Amino acid sequence: MTNAWTDLAAGGSGALAIWLIVAAFVVVALLIGAFAFGSRQKRREPPPPRPEEQPQVPEGGPVHEERERREPDEMPRTDERTLPHELGHQGSRTSTDQDRPRWDEGSSGSFGSGGPGGR
């Protein structure tokens, strides 16, 4: 290990000490400027909403999640080629079968295992 840093710090001119003090003042000035800029930006923001402006629960009570199986609408049948920009929005409709698909009994559900699946 060398003593170069201690030699510089204890050097006769003291230039390093002056530069450290100048650097410290620059850092403090930047921090004060950042704080002033942030507080100025905060004052420009709109105030938080008042209690009467808050969202209210609907008359019928809270809305809960609704689950349903959907199936895509049929593709339009034409004799001509249909381009993607001609399709527009492809919607979906409620499926007639609302039962959730389950794994086959005795199958692991994993790809290619072929085993009983931890039973």
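Predicted model: local features only at pLDDT ≥ 70, side-chain atom pairs only at ≥ 80, totals over all residues.

Me: How many helices and strands does the chain have?

Reply: There are 3 helices and 2 strands. Helices (H or I, at least four residues) and strands (E, at least two) are DSSP runs, numbered from the N terminus. The order from the N terminus is α-α-β-α-β.

Me: What share of the residues counts as buried?

Reply: Of 119 residues, 2% are buried. Buried means under 20% relative accessible area, exposed over 50%, and partly exposed in between (1.4 Å probe, protein chains only). The chain exposes about 11800 Å², with 59% of that from carbon and sulfur atoms. Areas come from the Shrake-Rupley method with a 1.4 Å probe; for residues, only the protein chains shown count as cover.

Me: And what share of the contacts with a separation of 6 or more is between residues 24 or more positions apart?

Reply: That share is 32%. A contact means heavy atoms within 4.5 Å.

Me: Switching topic. Which residues does UniProt list as a transmembrane region?

Reply: The unreviewed UniProt entry lists residues 16–37. Positions there follow the numbering used here, feature names are shortened, and annotations may be inferred rather than shown by experiment. In the model, that span is 100% helix and 0% strand. Its end C-alpha atoms lie 31 Å apart.

Me: Which residues make the nonpolar surface patch?

Reply: Ile18, Trp19, Val22, Val26 and Leu30 make a patch of about 540 Å². Patch residues have over 30% relative accessible area and no salt bridge; like charges are joined within 9 Å, nonpolar side chains (Val, Leu, Ile, Met, Phe, Trp, Tyr) within 5 Å.

Me: Where does Val26 sit?

Reply: Val26 is in helix H2, residues 15–44. Val26 is partly exposed, at 44% relative accessible area.

Me: On to charges. How many salt bridges are there?

Reply: The count is 7. A salt bridge here is a side-chain nitrogen of Lys or Arg within 4 Å of a carboxyl oxygen of Asp or Glu.

Me: Why would such side chains pair at all?

Reply: Side chains of opposite charge can pair when their charged atoms come close.

Me: Which residue does Asp73 bridge to?

Reply: Asp73 pairs with Arg93, at 3.2 Å from N to O. The pair links distant parts of the chain, 20 residues apart. Asp73 is in the loop between strand S1 (70–72) and helix H3 (84–87), while Arg93 is in strand S2 (residues 92–94). Asp73 is partly exposed at 34%, and Arg93 is partly exposed at 34%.

Me: What does Arg70 pair with?

Reply: Arg70 bridges to Glu68, with the closest N and O atoms 3.0 Å apart. Glu68 is partly exposed at 37%; Arg70 is partly exposed at 42%.

Me: And Arg67, buried or exposed?

Reply: Arg67 is exposed, at 69%. Its salt bridge partner is Glu65, at 3.2 Å from N to O. Glu65 is exposed too, at 65%.

Me: Which residues are linked in a network?

Reply: Arg50, Glu52 and Glu53 are linked by salt bridges.

Me: Last one. What does Ser95 touch?

Reply: Leaving out residues up to four places away in sequence, Ser95 touches Arg69, Arg70 and Glu71. Ser95 lies in the segment after S2 and is buried, at 10% relative accessibility.

Key: Residues numbered from 1 in each chain as written. Heavy atoms only, no water.
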